[in-house]
Amino acid sequence: MRIALAGNPNSGKTTLFNAITGRVEHVGNWPGVTVAKKEGDVKKELYKGKKRIRVVDLPGAYSIAPFTSEESVTSTFIKNEQPDVIINIVDATNLSRSLLFTTQLLELNIPVVVALNKKDLVDKKSIDIDVEKLSKKLHCPVVKTASLNGAGLEELLIKAEEVVGTVQKRSFTEEKTFLAFTEEDYEGKEKERFRLVESLVKDIEVRQVATAKENGSDQIDRIVAHKYLGIPIFAAAMFLVFHLSQSTVGPFLADFLTGWIDAFGEGVANLLGENVSPVLSALLIDGIIGGVGAVVGFLPLIMVLFFLLGLMEDSGYMARVAVVMDRYLKRVGLSGKSIIPMVIGTGCAIPGIMATRTIKDVRQRRTTAMLTPFMPCGAKLPIIALFSGVFFQNSAWIGTSMYFVGIFIIILGALMVKKITGEGAARSFFIMELPEYRVPSIKRALLSMWSQGKAFVVKAATIILLCNAAIHMMQSFTWNFQVVEEGMEATSILASIATPFSILLIPLGFGAWQLAAAAITGFIAKENVVGTLAVVYGITNFINVEEFELISGAGDVASAMGLTTVSALAYLVFNLFTPPCFAAIGAMNAELESKKWLAGGVSFQLGMGYVVAFLVYQVGTLVTTGAFGQGFLPGLVAVSLMVGTVLYFMYRKKPSYEEELKEMA
Amino acid sequence: MGDLLVLLVIVGVLFMASWKLYRDKKNGIKCSGCAYGKTCGTTVCSEDKSYKKSTIPVLKK
Amino acid sequence: MEIAFVHKLFHRKAKGRGEKGFQENNLTYAKVHTPYVVQGVHTKDKEMKDFLFTLGCYEGEEITVISVLADNYVVHVKGARYSIDQDLARAILI
């Protein structure tokens with residue numbers, strides 16, 4: 001038996017879905033969180049019957065006629081896949097708009113059960129709804145639910161099973177005026193539908209407070225979305241998130257974890273003692289334990305980050321961020337909606353890229369999808385933390401400035417895309433529903449944190465572990481499968497593969513094969529950069545234990561890597577602003593849907609990483625030493641070529657819009 | 001003797017990692033360790049891509 | 001003629017050039033906290049017009065501006081709050 005969950009955006013579908021299936025799908029207090037359908041089975045505890053019930057969570061829709069891409073998803077699913085029952089989740093605090101969709105669903109010849117959700121809010125607002133009357137008028141069962149605390153769910157499922165296979169009467173069948181409208185006069189019919197819904201609502205609902213007046217949420221918005229205060233508040237909020245995760249709470253917890261990891265490593269080393277061949281013990285201790293341990297040590301930072309992001313997403317602030325940023329994003333050809341994927345991207349770029357589906361305009365959607373990876377994601381945090389710890393005395397400014405650089409690149413990129421694709425594209429309107437603020441649920445944020453943390457550990461134990469082991473083996477052996485001698489590292493397999501690439505990186509200040517190898521492994525997972533560095537330089541000790549108080553050790557690490565402060569910064573920038581991990585590129589591919597855009601996007605990312613690193617290194621070296629760094633000229637040539645190509649695309653003569661229209665006519 | 005033990009441990013660990021990846025692949029999870037591994041890159045009804053193309057409203061139904 | 005109009009619309013500087021609808025009877029001139037009745041939605045973007053329709057924003061419905069935040073208007077329509085940008089506000093006639 002298949003149940004589909006349909007309803008207005010932000011009405012509580014995904015929360016309900018999580019509650020009855022036990023899954024932890026992404027929830028957020030703004031319209032447009034769910035962009036794809038999700039399936040799951042009903043938990044055994046809730047359903048006593050025999051059948052296996054499959055639940056499908058759909059994106060929110062205001063009506064059955066699809067306008068946004070999410071609405072299309074819902075509409076197509078219901079029409080093509082013919083679920084057995086539709087549970088229509090209705091936000092009880094807004095009946096007059098929600099019931100429009102309800103009555104449309106009732107005409108599809110699929111049994112419907114209405115879940116009158118958010119009853120906790122309804123009670124708080126002293127709104128009285130006559131449920132029985134509503135049920136009678138709609139000709140379908142109505143169950144009061146509150147998906148946040150789980151109320152009414154069992155009853156909902158029971159009713160759902162009851163209606164399977166039944167035929168429900170359509171609403172308003174008694175209304176002659178309604179039936180009088182023909183299929184062609186769609187607008188007229190829908191207007192009449194609205195009118196009938198309105199009178200129905202008046203009949204069953206008693207409100208104490210008129211909603212058109214200003215309320216608490218609006219007053220908060222006066223400040224938060226203020227013309228001048230909005231941006232600083234947003235900047236402060238983001239800074240708080242990063243500061244807590246990277247400079248205070250995160251590292252504090254990480255300290256304990258790295259202590260354990262290191263103790264574990266030492267314990268194993270002691271166990272093995274002298275009897276084991278150095279190659280094998282090195283592989284196990286430095287390669288596997290060291291490499292993975294280096295990465296896992298950063299787990300607390302990432303978990304704190306996701307926890308805080310979860311709080312922010314739940315509060316309802318995200319919609320306001322879109323409003324605040326709309327003015328500025330319009331100037332670069334995007335809209336306020338584009339900021340949400342980017343904020344999500346600070347956790348992980350993949351859900352951020354998927355969130356671009358809520359953007360209607362195709363060009364804007366693609367641009368946003370392409371630019372979202374420039375916001376440093378959770379996986380890049382270990383890289384930032386490592387470098388800021390080793391080279392910059394743990395200054396909090398390194399991390400923060402990386403985000404600003406990301407923002408700057410995004411602005412630049414948006415402008416470039418605007419120029420290249422021609423500004424003749426229609427301006428799309430910005431409209432966003434503003435949900436009520438609510439005190440974010442700690443439970444939900446913890447769940448999000450837990451699921452991300454679990455995923456991270458799984459990733460570390462699989463992909464990163466395999467990569468590190470491979471890297472270690474490749475650096476321990478030459479092509480003849482002979483063990484590499486001390487000091488002869490350059491003869492290893494790894495060195496010979498990475499060296500050609502490292503030559504390209506000389507103008508950027510980090511032309512060592514080890515660094516090139518680390519950057520390359522970063523494409524598989526950005527955490528690999530840290531892991532590979534740990535393996536390749538055998539500096540696991542420093543990274544694990546003293547990473548955040550690396551004063552004595554820093555010098556050693558720095559000299560081991562052979563990097564000056566400037567080139568370290570260049571390397572950091574390079575890794576942060578090149579194309580993201582393959583998984584994210586895959587997500588980009590799915591959203592861009594155009595090989596041309598994908599190629600353009602990835603090349604842009606590659607080029608950007610190279611150019612920015614080049615600038616940082618050369619200008620930095622010039623400033624600190626008065627002379628350009630190595631490989632200045634070849635690098636300059638390469639950079640000029642890249643910039644030149646982009647400029648060409650931006651300013652080439654295109655047929656003006658008028659001519660295009662004439663051609664089309 | 002110690003060598004063999006270590007070797008076994010290493011192989012065991014690597015094997016378990018690969019096996020987990022293999023199992024994920026079979027379950028359709030696109031990338032292990034990503035919390036969104038299941039929904040990554042999938043549209044709703046994979047046969048029906050029409051929702052992404054034009055957005056001409058289908059009002060007359 | 002249609003093409004010329006569309007072309008003009010895409011020029012950024014859409015000054016209220018005496019074209020019907022770009023005058024004082026649009027939402028940007030509404031007083032805050034005062035309910036108005038929508039007289040129409042004037043836009044060439046049929047999709048947006050239809051979308052607004054499903055939200056309950058069409059001729060005859062009540063709309064109230066709750067606040068004005070920079071270039072965005074927070075409006076109340078059919079029991080829900082939305083933030084719309086200035087272009088959209090100009091398109092809603094009251």
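This note walks through the predicted model point by point, from the numbering and confidence to the individual chains and their contacts.

1. **Ground rules.** Residues are numbered from 1 along each chain as its sequence is written, while chains are lettered from A and ligands numbered from 1 in the order in which they are written. Please keep in mind that this is a predicted model, in which local features need pLDDT of at least 70, side-chain atom pairs count only at pLDDT 80 or more, and totals for chains, interfaces and linings use all residues.

2. **Confidence.** For the complex, the predictor gives an ipTM of 0.78 and a pTM of 0.85. Chain C has a mean pLDDT of 75, with 74% of its residues at 70 or more; pLDDT is the predictor's confidence in each residue, from 0 to 100. Over residues 4–9 of chain C pLDDT stays under 50, and the model has six contacts beyond four places in sequence for them. Over residues 11–21 of chain C pLDDT also stays under 50, with seven such contacts in the model. Here, two residues are in contact if their C-beta atoms, placed from the backbone, lie within 7 Å.

3. **Chain A overall.** Chain A has 30 helices and nine strands, taken as DSSP runs numbered from the N terminus (helices: H or I, at least four residues; strands: E, at least two). Of the 665 residues in chain A, 54% are buried. A residue counts as buried if 20 or more other C-beta atoms lie within 10 Å of its own, as exposed if 12 or fewer do, and as partly exposed in between, with C-beta atoms placed from the backbone. Among contacts in chain A between residues at least 6 apart in sequence, 72% join residues at least 24 apart.

4. **Two domains in chain A.** Chain A splits into domain 1 (2–207) and domain 2 (232–651), with bounds that come from an automatic or database domain assignment. The centres of the two domains, taken over C-alpha atoms, are 42 Å apart. Where they touch, domain 1 of chain A gives 14 residues and domain 2 of chain A gives 18. The domain 1 side of this contact has six nonpolar, seven polar and one charged residues. In this count Ala, Val, Leu, Ile, Met, Phe, Trp, Tyr, Cys and Pro are nonpolar, Asp, Glu, Lys and Arg are charged, and the others, Gly among them, are polar.

5. **Strand S1 of chain A.** Five of the six residues in strand S1 (residues 2–7) of chain A are buried. S1(A) pairs in the parallel sense with strand S3 (residues 54–57) of chain A over four bridges, and A:Ile3 stands opposite A:Val55 in S3(A). Five bridges also join S1(A) to strand S4 (residues 85–91) of chain A, again parallel, with A:Leu5 opposite A:Ile87 in S4(A). Strands count as paired if DSSP finds at least two bridges between them.

6. **Helix H26 of chain A.** Which helix is mostly covered, with 12 of its 13 residues buried? That is H26(A), and its buried residues include A:Leu569, A:Tyr571 and A:Phe574. Among the elements covering them are helix H19 (396–421) and helix H28 (595–625) of chain A. The 13 residues of H26 (residues 565–577) of chain A should span 18 Å at 1.5 Å a residue, and the end C-alpha atoms are 18 Å apart, which agrees; the expected span is 1.5 Å times one less than the number of residues.

7. **An exposed residue for contrast.** A:Val643 lies in helix H29 (residues 632–651) of chain A. A:Val643 is exposed because it has 12 other C-beta atoms within 10 Å.

8. **Chain C.** Three helices and six strands make up the elements of chain C, in the order α-β-β-α-β-β-β-α-β from the N terminus. Of its 94 residues, 38% are buried.

9. **Where A meets C.** In this interface 35 residues of chain A are in contact with 33 residues of chain C. Elements giving two or more residues to the chain A side include helix H3 (95–105), helix H14 (317–331) and strand S9 (431–433) of chain A. That side divides into 16 nonpolar, six polar and 13 charged residues. S9(A) and strand S5 (residues 80–85) of chain C pair in the antiparallel sense over three bridges, and the bridge partner of A:Glu433 in S5(C) is C:Tyr82.
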